[in-house]
Amino acid sequence: MTGQQTFHITPYRTDEERRVASALPIHERQMLVKTALYPYPQFKAAQEFIRRFHYPIEGGLADTGNIGGLLGHSRTGKSAICRYYAENIPPKLADDGEIYPVVYIPAASEMTPATMAERIYFETGARSVPSVKIPTLVRNALLRLKRAGTELVIIDDAQFLFFDRHRKHVAEFQSFVKQLADLNSLNVLMVGEERLQTFVRNIDYLVGRGGFPAKHIQAMGTDEIGMEHFRLLLEGIDKRMPFTASSRLSRAGWTYDFYRYSDGIIGRVMNLVRRAAYRAINDGTACIMRSHLHEESWSELSVGATNDFFLEE
């Protein structure tokens, strides 16, 4: 996968490790904040689902010809889950060239079959794309995946390929996904909104390629187990922040405020922590302060909302 960003997953366990991290150049500390990742239980379960979809038997061969799904609401952490999985199976050199076992493709509303084919070229190491007619470009991109030894194609935000689209483009992308599976040399994981499951399962020639096994990613719940996992998430994030002292993000009152603010959605938690951490670095404080969280919590509130988050230490 080209252009990937290494995740910062190792916690700081001692005061000395924190001191060293806090003394790094500003741009390095910024990247540590931006890429911080705590492998919470649902994250680990999703990683295991992708691994079993990719390699159904431990120590065996990669599976082929199947279409599956990783589904959930926006900002529940699906993209980070997939990018982390892809990062841990990077390209490698073989006798006959580079091998790209996992290819990660983020979809977009403006994507066309031609631009998807171009993305495949670049994600498998091409420096340029041949100027040919679209059907030839698509066919060559598919063959390129086979030559590149690709075992798993991950299409993120796959709902953009099929919803709020001209009927012609929807049909073209349905055909594209079918052709990917029909290479019979890789599996296709479609990542996106829950409605993808109903869409795919209503198309015989897509659901017929493996039955569309799917893992659903949910926001963390408010029951005792869910809130404990949420507290551990905050504690895990705190241990990866490059400051001299702990910010104590998981203190009882703040855990409650983080949950109210985010509704248990991981992406909203991380957005707030990152913005507050950037402000703390700018202010030169030893950790993220209450005032940083309070001020930054305005950013995702609706117009006219009252900011009653992080009022107490």
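Predicted model: local features only at pLDDT ≥ 70, side-chain atom pairs only at ≥ 80, totals over all residues.
In strand 6, Leu189 is the bridge partner of Gly68. Strands of a sheet pair through backbone hydrogen bonds, either parallel or antiparallel. Here, strand 1 and strand 6 (residues 187–192) run parallel, joined by five bridges.

Now look at the other neighbour. Strand 1 also pairs with strand 7 (residues 214–217), again in the parallel sense, over four bridges. Two partners from strand 7 can be named. Gly69 has Ala214 as its bridge partner there. For Gly72, the bridge partner in strand 7 is Ile217.

Return to strand 1. Is it buried or exposed? Six of the six residues of strand 1 (residues 67–72) are buried, so the strand is largely enclosed by the rest of the structure. Both of its faces are covered. On one side, Ile67, Gly69 and Leu71 are buried.

Two packed helices are described by the angle between their axes and the distance between the axes. Take helix 12 (residues 252–262) and helix 13 (residues 266–283). Their axes are 9 Å apart, and they pack at an angle of about 120°. The two helices are therefore oblique to each other. Their crossing is right-handed. Helix 12 brings Phe258, Tyr261 and Ser262 to the contact. Helix 13 brings Arg268, Val269, Leu272, Val273 and Arg275. By class, this contact between helix 12 and helix 13 has five nonpolar, one polar and two charged residues.

Helix 13 has another packing partner, helix 2 (residues 26–34). Here the angle is about 160°, and the axes are 10 Å apart. That makes helix 2 roughly antiparallel to helix 13. Helix 2 passes helix 13 in a right-handed crossing. From helix 2, the contact uses Ile26, Arg29, Gln30, Val33 and Lys34. From helix 13, it uses Arg274, Ala277, Tyr278 and Ile281. The residues of this contact between helix 2 and helix 13 divide into five nonpolar, one polar and three charged.

Finish at a loop. Ser246 lies between helix 11 (224–238) and helix 12, in the loop that separates them. Its relative accessible area is 36%, so Ser246 is partly exposed. Which residues does Ser246 touch, not counting those up to four places away in sequence? They are Arg18, Asp238 and Cys287. Sequence and space can also be set side by side here. Ser246 and Ala286 are 40 residues apart in sequence, and 8.2 Å apart in space, C-alpha to C-alpha.

Key
Residues numbered from 1 in each chain as written. Heavy atoms only, no water. Buried < 20%, exposed > 50% of the residue type's maximum accessible area, 1.4 Å probe, protein only. Pairing = 2+ DSSP bridges. Axes fitted to C-alpha atoms, helices over the stretch in contact; angles between N-to-C directions. Parallel < 35°, antiparallel > 145°, perpendicular 65-115°, else oblique. Left-handed = near helix turned anticlockwise from the far one by under 90°. Contact = heavy atoms within 4.5 Å. Nonpolar A, V, L, I, M, F, W, Y, C, P; charged D, E, K, R; others polar.
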